[in-house]
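Have the sequence and the 3D view at hand.

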Amino acid sequence: MKFKALTAVAALMVAMPAITLADPDDDTLVLNGETEMVTKAAAPAHMEETGIDTVMSGWHFRNDDTQAMQADDFDNPGMLAVESAIEAWNTVEGEAGKSCASCHGAAEDSMKGIRAVYPKWNETAGELRTLAMQVNDCRTNQMKAEPYKYDSGPMAAMEALISVQSRGMPVNVAIDGPVQAIWEKGKELYYTRTGILELSCASCHEENYGNMIRADHLSQGQINGFPTYRLKNAKLNTVHGRFKGCVRDTRAETYKPGSEEFIALELYVASRGNGLSVEGPSVRN
Amino acid sequence: MKVYALTLAATLAAGAAFAGEVAPADVVFNEDGAIVASLSGVAGNPAEGAKVMTNRGLGNCVACHEVSALSDAPFHGNVGPSLDGVGDRWSAAELRSIIVNAKVMYEGTVMPSFYRVSGFTRPGDGYTGKAATEIAPLLTAQQVEDVVAFLGTLKE
């Protein structure tokens, strides 16, 4: 009995190093040969209890070819979606007869710094808004047009256009004041072990980043690079689309894109990346 | 003595479904956290066990563990320790327990429970993302026994 217990402890200790060692690379992401991006940063204060002292972009966990694709806008397939979103930005839609440009002018100016601070509390509406919610709010209330489907291609493209205006700026979402309770809820979801496989976001992205799960090199599951162009499905992917896929892979009933749960989770996950550069649209496998 | 009594209880409880098969809810762990009785009553087949361990839809054990004897299957992960030599480190009863419900031996482990049907949060229907209507264990009783048999062959 004693002996068995000791064996278990020994096995546990053997297992430990594999769990704490992380091996992301040390490359530097320089965008278009000009802008040096912050892809590793001191972890924000609220992460002290996690034992993670450095937060890292998912870029570090991808292979050299994928990394290079993101470093050059001519090679980044996500930039094609940005082109199509520029068109959408200037296109009049809906009964109000307006385009985004009618009110916001050039995205290069009006959308600078926006991605970095979303999800953000909207005082007038009294709600936390993700970027997707804000875009749809403008579409429905300002333009009297149909909303985009939450995790659709056009939404991902518009998010990419808005993200591009903040590339290189540090993610800086607020987690206190009116959003604190939502942030706490997001945190709880992050640590909830779901599905028949009973895995939480933390099981893979906190306890095991740097390790391999089958052929996948686990990153910290950061969202500073969203929307992400994935080579696997050859399209831009939204934050909630990605969350959904990860929850599904625990053999769980997923939450819906745009749901209260995913909005709260997005705020929490975004806050774990405070300090990293906005990268969207990034390239991942 | 204790072990004997518990095993007997398990055998009796199992009765209903398949003769000689212990249902997930009726599995009995002894005071060391091990499961002494075979779940199926039929000796495990190591060759079948090897298949279960590499099959993505079944055990998919190599997603998290390196196993030199299974190097034919691509992409072994390293979330868990290498399983080389586990046949020396653990008895069959202990290995059975680790597969059935690793949380008994390793509190809080990320390793899934392969023969359990309750206690889940938002259980899904396979990888569909939809809610489960009924929950089957990840492995059948016989598949667990087959994996136990295969792990028993992993000696240094």
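## Sheet and cavities

Three strands of chain A form an open sheet in the order β10-β9-β11, with mixed pairing. The model is a predicted one. Two strands stand at the edges, β10 (235-237) and β11 (282-284) of chain A. Each has a single partner strand, so one side of each is left without a neighbour in the sheet. On average, neighbouring strands here are turned by 40° against each other, direction ignored.

Now look at one pairing. Strand β9 of chain A covers residues 228-230. It runs parallel to β11(A), and 3 bridges join the two. Within this pairing, Tyr229(A) stands opposite Val283(A) of β11(A).

Next comes the empty space. Rolling a probe the size of a water molecule over the atoms shows where such space is left. How many cavities of 30 Å³ or more does the structure hold? There are 3. The largest cavity holds about 110 Å³ of space.

Which residues line the largest cavity? They are Arg115(A), Ala116(A), Tyr118(A), Val171(A), Val173(A), Ile223(A), Asn224(A), Val239(A), Glu266(A), Ala270(A), Gly273(A) and Val278(A). Two elements of chain A give two or more residues to this lining: α6 (114-117) and α12 (260-271).

The table sorts the lining by class.

| Class in the lining of the largest cavity | Count |
|---|---|
| Nonpolar | 8 residues |
| Polar | 2 residues |

Notes
Residues are numbered from 1 along each chain as its sequence is written. Chains are lettered from A and ligands numbered from 1 in the order in which they are written. This is a predicted model: local features need pLDDT of at least 70, side-chain atom pairs count only at pLDDT 80 or more; totals for chains, interfaces and linings use all residues. Side-chain values use heavy atoms; hydrogens and water are left out. On a 1 Å grid over the protein atoms alone, a cavity is a set of points where a 1.4 Å probe fits but cannot get out, and a pocket is an open set with protein on both sides within 12 Å along at least five of seven lines; lining residues have an atom within 4 Å of a point. Grid points are joined across faces, edges and corners, and a volume is the space filled by probe spheres set on the points. Helices (H or I, at least four residues) and strands (E, at least two) are DSSP runs, numbered from the N terminus. Ala, Val, Leu, Ile, Met, Phe, Trp, Tyr, Cys and Pro count as nonpolar, Asp, Glu, Lys and Arg as charged, and the others, Gly among them, as polar. Two strands pair if DSSP finds at least two bridges between them. Axes are lines fitted to C-alpha atoms, for helices over the stretch in contact, and angles run from 0 to 180 degrees between N-to-C directions.
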